[in-house]
Amino acid sequence: MSRQPLDFSLNLGIDNSRRKSVFDPWIVLSVFLLSLIGIFMIYSASQSVEMALRQGVYMIFGLAILLLVSFSNFRKMEVFYLYSYWPGLLLLIIVLFFSNENNETNRWIDLGIFTIQPSEIMRFLLPLSAAAFLSRKPLISNFDYLLVFILTMVATFLVLLQPDLGTSLIVLLSGILPILLGGLPWVFIYLGAFTIICSLPLIWFSLYEYQQQRIITLFNPDADIYGTGWNIAQSKIAIGSGGFWGKGYLNGSQSQLNFIPESHSDFIFSVISEEFGLIGVLFLLFLYGLLIYRLILISVMHQNRFAKILSATLSTILLAYISINICMVIGLLPVVGMPLPFVSQGGTALIINLVTIGIILSLRRET
Amino acid sequence: MKGQKFLTDQSILRRVFLFLLPFLILLIFAFLQILNLMVFQAEKFKTQADSNRILKEKVFPPRGLILDTKDKIIVNNFIRQDLVVTPNFIENYSSYLSLLSSLVEIEEDVLEQIFYQKLSEIKPFQSFTLLRDLNDRQLAKVKLNFKDLSGTEINSSFSRNAVYGESSGPVIGYLGFASKQDILFNPNLKNFNDQQVGLLGIEKELDEELRGTVGYRFSEKDARGSVLDVLSTEPSIKGKNVKLSIDIELQDDLYKEFKGRKGALIAIEPETGFIRAMISSPSYNPNFFNNLKTEEIKLLFQNKNSPLFNRAISGQYPPASTLKPFIGLVALEEEVITWQEKILDEGEFFVEGDERPYRGWKEGGHGEVNMEKAIAESSDVYFYNIAYDLTVNSIAPFLKMFGFGESSDLFMNESKGILPDKKWKLGQKGEFWFKGDTINMGIGQGYILATPLQIALAYSALINGGKLISPRIVQSIEGKETEFVSEKIEIKNIKNLEYIKQSLISVVESNTGTAKNIYDPKLRIAGKTGTAQVKSILDDNKYQEIRENVLLRDHALFVGYGPVEDPSILVVAIVENGESGSLVAAPLVKKAINLYQK
C-alpha cells in the first residue's frame, strides 16, 4: 500500500496561468456553510420552523443568483454597475414614506409576500457604483473623489434618517473605501481623519437618545442589569456559559428561555457560542477567515482596477461587519443594528451578501 | 491638481491592509474577550446561566360567568392549585417521579404516563401542568419537600363550577383540552393549549367570548422554581359574562320531574324565541370533567343511556300525532278538505291495490269526525285520508316552511331531523316513493324525524301567527342583548290557523280529547299528544310481545302551551319508551307551564 505524502497546499490561485478558468470553490463552500449554519441557528433561536424555512428559501434563491452572476461577464456589466447608485437612492427615499405603525423606524418596504430593506441594497450598490466610477477612465481627478464622497454622504444621511445607525456606518464605509483604495492622496486622508475626530462631540449630540444610551451602557453594563445593560449582560452570560464544548444544539438555556434579545438576528453569535462553545466559535471564525483571505487574494492578484477596488472594499466591509457584530455581542462596542453576515436572519441581507460574492467570483473568471 | 494615475500593486495592497487593520485589531480584541469569557470565566457564567430563571409565563384569565335570565349564577369559577413542572430543571426524571408519586399518593406509572406524554409535546425549557387540583394534603406534602423537587411550581388556576350540576349539563356543556386539530383550525386556541376550553354546549358555542385574553408575567425565580420577584406583568383580560334565557330554577325543577327517565323537554317563548328550559335526561354533572379521573369520564362516554347526548336538540324522533295539526293545516290551505267536512273513521284505511289495512290506534275507530274532533281524539284514519289526497309533494314543502328538516343554528351539534320526499327516498333508500309512505307521514310516522326543538319551533309558528322564530338561548353577552330573528310563513287564510288552535284547545278541553286528564280551568292549556312507534307493529298479537322489551316501547310526546288566552310559553316534552303521551308527557308539560307562570 503506497501512501501519498501529506499535501496541505491549497490552491491559492498564485499560478497565473491557471487563474483564468478557476472558479474559487473555497469561497462558495464557506458562504454555503455559513448560510447553512445560519438556518440551523435561526431555528434554535426562534423555535420557529417557519422563520428557518423562509431563510432557507432566501438562501436557495441567493445561491442561484450567485451562480448566475458569477458566470456573467463583469466587463459588460460595468455600465450597469456604474449607474446602479441611482435606483438605490430612489429606494432609500421611498422607504421614508413607508411608516410602520407599531415600529417607529422605517427600514423596510413591505411588498406583501416579502419585505425589502433599501439600506442593505444601498450598501451593496454604493461600492459597486463607486468602484466602477473611479475606474471608468485612466486618470481620476480629485473632483471625481469629491463627487463620490458627496453621494456617499447623501446615502448615509438617508439611512440615518430611518434611523439605522449601524447600517449607515456601513454605507459610509462602503462609499469611503473605494475612494481610499482608489488612490486618494494621503493628504486628504489625514485631513479627513482630523475632521472626524474634531466633530465627534457634534456626532454625539446628533444621536438619538436610545443610541446614546447604548454607548453609555457599553462602558458600564452592570449598572442597570434590567435596563439597557441587561441585553449585553445576558449575552455575555450566554457566551461564557457555553464553555469549551457548548451546551449542545437547542440546549442553550439563555437562548431557549429568551434571555438573549434579537437572538435570531443581531445576537445570533451568542446563541452559537452558548450551544457550540469555543469549538463552534473557532469553526465559525475559520470559515470567515477563509472567505476574507480568498477575497483579498482576488484583490491582490487581479490586474483590473475595478476588480481590485471592489474586491478590497467588499472584503473590508465583510470584516467590518464581523468584527463589529462580535464586539457588540460581547460588550466591546455599543449595540447598533449590525447583523452577522450570512448567518443572521434577514432575507435582503443574505441575498445581497450572496450576490456580492457572485460578482466577485465573476471578476475572478474574467482575468 | 491633475488626476492621479493608478496606484501600483504594492501601494494598493498597503492601503487594503491599512484599512483592514483597525477591524483586525478589533477582532483580535474580540477574540481575546471571547477566550476570557468562554475559558477563564466559563464556570462563573455557567453558574449565572443556571440561576437565570427569569421566565415569561402566561397568566390565564378567569372565564366569564354564565348567568340565568334572573341573574342567578349557573357557572362560576373557583381557584385550584396545580402542580407545574419544567423538565429542563429536573435532574433525574425517574427519581423525581418516584418522590412525587409518594408525596401525592398517585401511582408512579400513572405519573410517568402523563409526564412523558406531555414532555414529548413541549419545546425545550417550556413547562406543563402535571397534576391538576391538588388537595390540601397533597399540597402540604409537596410544599414541605419543595427543596428536593427542583423544576416544580404550584400554580393557582381557575376551575369551572356548575352550581346546579346535572340539570344544567345539556345547556352549559363542559370543558376539556383542545385537540391538535381544534388548535389547527382555530389559532386563537394556541394560547390555551394547556388549558381547558369549551368542548360542548354553551361553553363551546361561546368559548371565544367566555375565554378572555391571556396575559403574561415576567418573573425571576430561584433554582427551585419559586418566585423571587415579579418583574413586570401584562394583565390578562377576563372573559365576558354570558346571560342565558334559561330560568335555572325552572330547569332544575323540571329535570327532577324526569326522575332519570330518558327524554327531553324544551320550554320556549313563542313570541321572543327565548328558551326558558332545555332538558335532556339522563344528564351529567359538568363538574365531573374538572378532575382527571379518566376512567370515570370514559364510563360516562360509554353509558348506554348516552347522558352526554343532548336529546332536546340532537335527538331525532318520529313526531307522531303531534304532526297532525300541520297536516290538517296544509289540507285546509290546499282546500282538499274543509273545517267542518266529516270523514267516517272505522279504525281502518284501505288503499287501492293494497290488501293490508292501515290501522288507527283505536280499535273500531272514532266514527264520523271533522278536523277538530280528529285532532282532539287523534284520529289516524282521518289523517290517512287527507294525507292520501294531499300527496307528499304538497306536504313536504309546507312542513319545510315550519322548520322541519332544517337546523335552527342554535347549537353546532344540532340535528336536522328528516323531512322525506320523493327525491330524498330515492337518494337515501334507492326506492321510489309509495303512497303508503305519504299515508304514514300523515300521522307523523314512517321516515319523518324531528328534534324536540324543531317541534317546538313549528308549534310556536302555529300560535304566534305564522312566524318561524330563531330560537335564542343567550339573552345577552356582557350586557349586549342578542337579536330576535324570525321568518314570516306564508299562510293563505289566517283563519285556518285559528281553526287549528281551536282544535288544540279541544285536545285538552273536550271530554273526548286525548289530554283531558290535564284540564285545569284555572290555567287553560292547549296542546297535542303523540305516541311515537319505535317499532312498526304489523300484527296485533305481537304488540304485547314487543311491550315486554322496554326499549321497544313507544315514545310519549306532548306539545302544550298556555295560557290559552295569551300563550306566553310553549313546552315540548318527550319521554322515551314512556308509551302514553297523555299520561306521561302531558303532566310534565302542565307542570312546566305552571312553574313558568308563577
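Predicted model: local features only at pLDDT ≥ 70, side-chain atom pairs only at ≥ 80, totals over all residues.
Residues are numbered from 1 along each chain as its sequence is written, chains are lettered from A and ligands numbered from 1 in the order in which they are written, and side-chain values use heavy atoms, with hydrogens and water left out.

Helices (H or I, at least four residues) and strands (E, at least two) are DSSP runs, numbered from the N terminus. In chain A, helix 8 (residues 186-206) comprises 21 residues and reaches 29 Å from its first C-alpha to its last, close to the 30 Å expected at 1.5 Å a residue, the expected span being 1.5 Å times one less than the number of residues. Helix 8 of chain A bends by about 50 degrees at A:Leu200, with a proline, A:Pro201, following within four residues; the bend is the angle between axes fitted to the seven residues ending at a residue and the seven starting there.

Chain B contains an open sheet of five strands in the order 12-11-23-22-21, with antiparallel pairing, where two strands pair if DSSP finds at least two bridges between them. Strand 12 (275-281) and strand 21 (526-532) of chain B stand at the edges with a single partner strand each, so one side of each is left without a neighbour in the sheet. Within the sheet, strand 11 (residues 263-268) and strand 23 (residues 569-575) of chain B run antiparallel and are joined by six bridges, and B:Ile266 has B:Val572 in strand 23 as its bridge partner.

Helix 3 (residues 93-104) and helix 5 (residues 136-144) of chain B pack at an angle of about 140 degrees, with their axes 8 Å apart; axes are lines fitted to C-alpha atoms, for helices over the stretch in contact, and angles run from 0 to 180 degrees between N-to-C directions. Helix 3 of chain B is therefore oblique to helix 5 of chain B, since angles under 35 degrees count as roughly parallel, over 145 as roughly antiparallel, 65 to 115 as roughly perpendicular and the rest as oblique.

Elsewhere in chain B, strand 10 (residues 242-244) and strand 18 (residues 474-477) pair in the antiparallel sense over three bridges, and B:Lys243 has B:Ser476 as its bridge partner in strand 18. Strand 18 and strand 19 of chain B form a hairpin with two residues between them, and B:Glu478 in the turn has a positive phi of about 50 degrees.
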